[in-house]
Amino acid sequence: MADTLDTKLEQLKSAAEAQTQTHAASRQQLYENFVDTYLWWREAEQKKDYLQKTFKAAGIQTRKRNTNAPNFYPVIRLVWSIDSGQAPKTAVCCSLTPVRLHQTLK
């Protein structure tokens, strides 16, 4: 019985280690995607009406804001294909990262 439990414990440890490595790699890729998305946005905003046309084609509505700060919410929805009805909190949270990048790099 102890041998079986020891074997199962080793399998669990191995699975946990693999998951930890996958999680770290996934997190790194997410950060890289945020940076790439921000850099794409900087380029896309230079082309007149490109973003608005792209958002419209994707069915993403945008609103005028009372601030000069860029709104990354529709950009995140566009790149990650997030439906506003399915995961709005995810899009809001993710849109804060490019805001911080913009504040740092402008």
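Helices (H or I, at least four residues) and strands (E, at least two) are DSSP runs, numbered from the N terminus. With that in hand, we can walk through the protein.

This is a predicted model, in which local features need pLDDT of at least 70 and side-chain atom pairs count only at pLDDT 80 or more, while totals for chains, interfaces and linings use all residues. Residues are numbered from 1 along each chain as its sequence is written, and side-chain values use heavy atoms, with hydrogens and water left out.

Start with the overall plan. The protein has 4 helices and 0 strands. Read from the N terminus, its elements run α-α-α-α.

Next comes the surface. The protein has 106 residues, and 20% of them count as buried. Buried means under 20% relative accessible area, exposed means over 50%, and partly exposed lies in between (1.4 Å probe, protein chains only).

Now look inside. The largest nonpolar core has 8 residues: Tyr 38, Trp 41, Ala 44, Leu 51, Phe 55, Ile 60, Phe 72 and Val 75. Helix H1 (2–44) and helix H2 (50–57) are the elements that give two or more residues to this core. H1 provides the largest share, 3 residues. A nonpolar core is a set of buried Ala, Val, Leu, Ile, Met, Phe, Trp, Tyr and Cys residues joined through side-chain atoms within 4.5 Å.

Leaving aside neighbours within four places in sequence, Val 75 is in contact with Thr 37, Trp 40, Trp 41 and Phe 55. Contact means heavy atoms within 4.5 Å. Across the protein, consider contacts between residues at least 6 apart in sequence: 46% of these join residues at least 24 apart.

Helix H3 (residues 73–80) includes Tyr 73. Tyr 73 has a relative accessible area of 21%, so it is partly exposed. The C-alpha atoms of Tyr 73 and Pro 98 are separated by 9.4 Å, and the two residues lie 25 apart along the chain.

Where is there empty space? Rolling a probe the size of a water molecule over the atoms shows this. The largest pocket has a volume of about 520 Å³. Its lining has 20 residues, and Gln 52, Thr 62, Arg 63, Pro 70 and Asn 71 lie nearest its centre. H1, H2 and H3 each supply at least two lining residues. H2 gives the most, with 4 residues. A pocket is an open set of points on a 1 Å grid over the protein atoms alone, where a 1.4 Å probe fits, with protein on both sides within 12 Å along at least five of seven lines; lining residues have an atom within 4 Å of a point. Grid points are joined across faces, edges and corners, and the volume is the space filled by probe spheres set on the points.

Finally, visit the loops. Most residues other than glycine have a negative phi. Asp 49 is not a glycine, yet its phi is positive, about 65 degrees. Asp 49 sits in the loop between H1 and H2. Its relative accessibility is 41%, so Asp 49 counts as partly exposed. The side chains of Asp 49 and Lys 48 meet in a salt bridge (3.8 Å, N to O). A salt bridge is a side-chain nitrogen of Lys or Arg within 4 Å of a carboxyl oxygen of Asp or Glu. The structure holds 1 salt bridge. Lys 48 counts as exposed, at 69% relative accessibility.

Ser 81 also has a positive phi, near 50 degrees. Ser 81 lies in the loop between H3 and helix H4 (88–105). At 61% relative accessibility, Ser 81 counts as exposed.
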